Each structure stands twice: as structure tokens, then as C-alpha cells.
Amino acid sequence: ETDASADDIRAAQLRLAGIYLDHHAADQAAPYIAEVLKRNTEDVDASFLKGRMHLMKAQGDAALTAFSAVVRQRPDFIKGYLYLAQAHRHNKNDLAAAAVLQKGLQVSPNEKSLHLALAKVQLARKDYKAVEQEYLRALAIDPSDHLLQAQLGDFFLALKEYKRAEREYAEIINKSP
């Protein structure tokens, strides 16, 4: 609309960019993100979308730059930590990914998604004790999460720790017969 405010235009551009990214159309999202960043180079939401776009295009270093800016400007934004860790993993730097997720957990220790992301990083590093600890921490946050309980059982099954796997599966049945 011709009488739309700058905030309304920004919001519409960010929503359109987000929709395009959700449909893996990074090239269509790019002009909307660029327009918002042209008006404000430090727009956190646009930087976040830009990082997602770079990840989609397999541009790991550019994604790191964008997500680092997001986390620096909004340290309480959990998705920023998750995507920054994903960018580090894309660049095959699991140690940096783990450090980012640990930093996120300092900000929000009861964020289940951070614990699960850290478990994936630790699994890639073959640190099975750390994987188990992260699963247990996530379960302590949400004991009713049957899918998570099953993942822990599957983890033990993959390690051929059959008794421990059986206990986890039995726990699911006990909680939800």
C-alpha cells in the first residue's frame, strides 16, 4: 500500500523472505532481505534470514558471519545459537559448534532444543558419554517426551547396550500404557 508505514513494509518483506526460504527459494528471498538490510544494516531478523539463505546455498562462512551478528545483537535468541552451530557444522568445525551450543545453554539452561543439538554434535564427535548426558538433561526438562525417551533407547540400542535400551522403552510404556 502507498500509505503503509516503514515498519509494515519491513515486516512484509521479512515475511515474504521467510516464506521463500521455507520453500527453499533462496534467490527469491534475497532481494527482500537486501532491501531490509539496506535500510538498517543491523536488522537482526534480516540477518537471521540472510544466514539461513547462506546455509541453504552452502555458503558456510557467510552464514557464520550473519548468525554471529544475530547472536551478538540478541544473545537470548535461541534459534540464533542453533543456526550458528549448524553453520559451524557445515564448515566441519564440531568443536566450535559445541562451544556455541554451550554458550546458548548458559543463556537458557532449560532449552531442550539446545541439549538435543549438542547431543548431535557430540554424537558426530563420538563422545557417547556426553551424548547420553545431553539426552538425560533434555529428558529432565521434559520427562513426558516419549519421542525423546525412544531416541535415548535407540541410542543405547545402537551402542548394543540392550538392557539400558529396554529400560528406556519400558519407561515409555510405564508413562503411557
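**A walk through the model**

Biologist: Let's start simple. How many helices and strands are there in the protein?

Modeller: Keep in mind that this is a predicted model. Read from the N terminus, the elements run α-α-α-α-α-α-α-α-α-α. The C-alpha trace spans about 65 × 35 × 30 Å along its principal axes. The count comes to ten helices and zero strands.

Biologist: And what share of the 177 residues is buried?

Modeller: Buried here means under 20% relative accessible area. As for contacts with a separation of 6 or more, residues 24 or more positions apart account for 43% of them. The buried share of the 177 residues is 41%.

Biologist: Which element gives the most to the largest nonpolar core?

Modeller: That core has 34 residues, and those with the most contacts inside it are Leu 21, Ile 33, Leu 49, Phe 67 and Leu 101. The elements giving two or more residues to it are α1 (6-22), α2 (26-39), α3 (44-56), α4 (60-73), α5 (78-90), α6 (94-107) and α7 (112-124). With six residues, the top contributor is α3.

Biologist: What does Leu 49 touch, leaving out residues up to four places away in sequence?

Modeller: Leu 49 is among the residues with the most contacts inside the 34-residue core. In general, nonpolar side chains tend to be buried together in soluble globular proteins. Leaving out residues up to four places away in sequence, the partners of Leu 49 are Leu 14, Ala 17, Gly 18, Leu 21 and Ile 33.

Biologist: Now α6. What covers its buried residues?

Modeller: α6 has 14 residues and reaches 20 Å from its first C-alpha to its last, close to the 20 Å expected at 1.5 Å a residue. Its buried residues are Asp 94, Ala 96, Ala 97, Ala 98, Val 100, Leu 101, Gly 104 and Leu 105. The cover over them includes α5, α7 and α8 (128-141).

Biologist: How do α6 and α7 run, roughly parallel or roughly antiparallel?

Modeller: Their axes come within 10 Å and cross at roughly 160°, and the crossing is left-handed. On the α6 side, the contact includes Ala 97, Ala 98 and Leu 101, while Leu 114, His 115 and Leu 118 are among the α7 residues that make it. Angles over 145 degrees count as roughly antiparallel. The two helices are therefore roughly antiparallel.

Biologist: What about α8 and α9: what is the angle at which they pack?

Modeller: α8 passes α9 in a left-handed crossing, with the axes 10 Å apart. Residues of α8 including Val 131, Tyr 135 and Leu 139 meet α9 residues, among them Leu 148, Leu 152 and Phe 156. The pair is roughly antiparallel, and the packing angle is about 160°.

Biologist: Back to α1. What is the relative accessible area of Gln 13?

Modeller: Gln 13 is found in helix α1. Not counting residues up to four places away in sequence, it touches Tyr 32, Glu 35, Val 36 and Arg 39. Gln 13 counts as buried, with a relative accessible area of 13%.

Biologist: Last one, on the loops. Where does Lys 160 lie?

Modeller: Phi of Lys 160 is near 65°, a positive value in a residue other than glycine. At 60% relative accessibility, Lys 160 counts as exposed. Lys 126 has a positive phi as well, near 60°, and that residue lies in the loop between α7 and α8. As for Lys 160, its place is the loop between α9 (146-158) and α10 (162-175).

Conventions: Residues are numbered from 1 along each chain as its sequence is written. This is a predicted model: local features need pLDDT of at least 70, side-chain atom pairs count only at pLDDT 80 or more; totals for chains, interfaces and linings use all residues. Side-chain values use heavy atoms; hydrogens and water are left out. A nonpolar core is a set of buried Ala, Val, Leu, Ile, Met, Phe, Trp, Tyr and Cys residues joined through side-chain atoms within 4.5 Å. Buried means under 20% relative accessible area, exposed over 50%, partly exposed in between (1.4 Å probe, protein chains only). Helices (H or I, at least four residues) and strands (E, at least two) are DSSP runs, numbered from the N terminus. Contact means heavy atoms within 4.5 Å. The expected span of a helix is 1.5 Å times one less than its number of residues. Axes are lines fitted to C-alpha atoms, for helices over the stretch in contact, and angles run from 0 to 180 degrees between N-to-C directions. Angles under 35 degrees count as roughly parallel, over 145 as roughly antiparallel, 65 to 115 as roughly perpendicular and the rest as oblique. A crossing is left-handed if the near helix is turned anticlockwise from the far one by less than a right angle, and right-handed if clockwise.
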